[in-house]
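User: I would like to learn how to read strand pairing and helix packing from a model. Could you take me through an example?

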Amino acid sequence: MQSSLLSLPQQHAPEVTQYAPEPAPTASYASSTVELGDLKRILVRRRFLILATAALLTLVTLLYGLFTPALYSSVAEIIIDPQDLQVVTNDVNPSRVPPDGGITMVESQVSVVQSTGVLLRAIEATNLTEDPEFNGQGGLVGRLLGGLLGSGSAETDRTGKTLDALRGRLAVKRADKVLVLDVIVTAKSPDKAAKLANAIAQAYLADQASARAKMATDASDSITARLDEQRKRVQQAENAVEAYKSAHNMVMAAGNLVSDQELTEINTQLSAAQSRTATLKAQVDQLRRSGGAPDATSEAMRSSVISSLRAQEATLVDQVSQLGTELGPRHPSMIAAQQQLRDTRALIARELGRISAAAETDYERALANQQALEAKVAGMKSKSLDTDQASVKLRELQRDLEAVRSVYATYLQRAQETREQINVDSTNARIISQAMPALKKSWPPLPLLLFGALFGGLGLGTALALIAEYSSPTVLSSAQMQSAIDAPVFGVLPAKSARRRWWPFGGAAASAGQKTDAVAGLALRRLFASSRRPPNWPLVPSILLTSPPEDAAQRGRVARLLANAAAARGSRVLFIDTNNASGGKKEPQPGLLDVLRGEYAFDALSQYTAGSNVAVLGRGRQKAVFSEAQGVYFTQQMLAQAGRNFDLVVVDGGALADNLNASPLVAMVDEIVMVATLNSTPMRDVTTASQAISVMGRLPTGALLVDEAA
């Protein structure tokens, strides 16, 4: 196949069958968005914008701090206890602690301190309406505005302006979880600020005392006005009760009818009698049920006589048993003991009979008493029924009398209490810290403002840098580049290498830095690993590097790094430079364009660099145009001839959007690698370069990035 290509006549420029590598199946690359790791590159690139913004904001803050008049703040502290001083039990202002511990009540006092009434008291106490700093007459502009915008009387207008100015200089705060109010006043003089803070605190206490005294006075006047009316109502109710009792002949004792008291007492006696009768009847029934053994009853068990006799009986039984064993049944001692035992048992029987007879007698007496009481209760009930109707009306009159008396007593007590509270200050609020003249100015706090301006400027500058980057995005990472060209990134090369020669190839001084050489070699291995050349393809392996126009220098450097890296590993490399560089000569030397036009043989133009495995082929003379088909033919012929003497062809293809002469090379090379600089190459230029390659019938097979920060 190679010999047939070389034998074709140049003038016919026949159509060739070219190898167009299929794009490698790539993974799903990350989206082209800014990642967290890319922020460093953005900030470093646009550091001048960030620093300039911070410096400008700091300078403006410094000028503001130097030319703004100083202000001083003084603080007076007031503690407010939710539990007020309780002078009397029923205070006009009840002392109750809310469920929230009084926090809400103290928070409401913040508004009270800033109220118009309190501030007017303080203004009057300090004669603040005559102070130019607060009365709106502090300068020419203030006087002019006062003359143009003033309305109403001069005194009222001045008081209103002073009130507004004092509100603007006043701050009332409460720290978290405490019941202390901080009254903060700011003025141009430290003594004036302390004086006003103390005046406002005193005005607040006076306002609270006045308000409570007024409440007590109003309550006392209202209650006193009702006392005469309540007294008359009590008299009328008492007269009505006495007149009714006299009319119905109802005798009262201890507030109740005598007949009712008697009936109650007899009912109590009847209940006790019935209870005793029932108890005695139960005893009698028990004795009757016991029949011949009355000693088994509870009365017998409780009797001390029976218990004593039972103890004697037991002793005699033991004695008889012992004597029977020792002396025999006929012994006199035995006979005497048996006789004593019989006598004791007879006594027990007589005592049991006496208990039974006594129980019967007690029962009969209790039953008779009960019957007598029942008859008496029945008689009294019939008598009390006659007065029941009259009692209903009497009880109603008595209830009215008690209600009227209770109300009158309450009114009388509250009238006395509220009169005493008028002259007693029950407010449990006090000043715990008098305001002192400030030793340092409170505004402007220049160090704090400068600190905030510096860091605010850095933050604002960072935001502007990110906005600028978003409006004109650049290549920030390998993932972003992969997403843009839909091809892998084979490596990231450092931008500079210490003490290395740029040209020519080879030599100890021309070797790249250790890191750069390693990255370039690894990139070559990845390129060869990803290549899918057909078996026995006659053309030499080739790589074409392209980039946007602004990365021409980095592209040329990367192309030479790849050539040097391959040569350092023993490969023979042909380096083709398609850029328009005459090297300072008026007449360019024959080169690539001459070969593509068929005017020069390839072998006659490629030259090795001394001491290196790299041969260089320049751009050549651009004195005539050639057709694309002719260029593709001679490109294929050139690569076939280069396969006999070289192991790799590295082509610096320039910016393909501007270099159409490289189109034949694009059609025939194995790999098309795009070069871009991190945080420098605009994404729109990468897209333009990728579209130019697509127009020429190919797609980028990969990319190499240059990191200027490495």
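Analyst: We start with the sheet and then turn to the helices. The model is a predicted one.

User: In what order do the 4 strands of the open sheet lie?

Analyst: The order is β2-β3-β1-β6, with antiparallel pairing. β2 and β6 (429-433) are at the edges with a single partner strand each, so one side of each has no neighbour in the sheet. On average, neighbouring strands are turned by 30° against each other, direction ignored.

User: How many bridges join β1 to β3, and how many pair β2 with β3?

Analyst: Strand β1 (residues 72-80) is joined to β3 by 8 bridges; within that pairing, S74 has V185 as its bridge partner. Strand β2 (residues 170-174) pairs with β3 (residues 180-187) over 5 bridges, again antiparallel. Here V172 is partnered by V183. β2 and β3 form a hairpin with 5 residues between them, and K177 in the turn has a positive phi of about 65°.

User: Which way do the side chains of a regular strand point?

Analyst: In a regular strand they alternate between the two faces of the sheet.

User: Which strands does α8 lie across?

Analyst: α8 lies across β1, β2, β3 and β6, and runs at about 20° to β1.

User: At what angle do α4 and α8 pack?

Analyst: Helix α4 (residues 103-113) packs on helix α8 (residues 190-247) at about 110°, the axes being 10 Å apart. Angles of 65 to 115 degrees count as roughly perpendicular, which means α4 is roughly perpendicular to α8. Their crossing is right-handed. Q109, V112 and V113 of α4 meet I200, Y204, D207 and Q208 of α8. By class, this contact has 4 nonpolar, 2 polar and 1 charged residues.

How values were computed
Residues are numbered from 1 along each chain as its sequence is written. This is a predicted model: local features need pLDDT of at least 70, side-chain atom pairs count only at pLDDT 80 or more; totals for chains, interfaces and linings use all residues. Side-chain values use heavy atoms; hydrogens and water are left out. Axes are lines fitted to C-alpha atoms, for helices over the stretch in contact, and angles run from 0 to 180 degrees between N-to-C directions. Helices (H or I, at least four residues) and strands (E, at least two) are DSSP runs, numbered from the N terminus. Angles under 35 degrees count as roughly parallel, over 145 as roughly antiparallel, 65 to 115 as roughly perpendicular and the rest as oblique. A crossing is left-handed if the near helix is turned anticlockwise from the far one by less than a right angle, and right-handed if clockwise. Contact means heavy atoms within 4.5 Å. Ala, Val, Leu, Ile, Met, Phe, Trp, Tyr, Cys and Pro count as nonpolar, Asp, Glu, Lys and Arg as charged, and the others, Gly among them, as polar. Two strands pair if DSSP finds at least two bridges between them.
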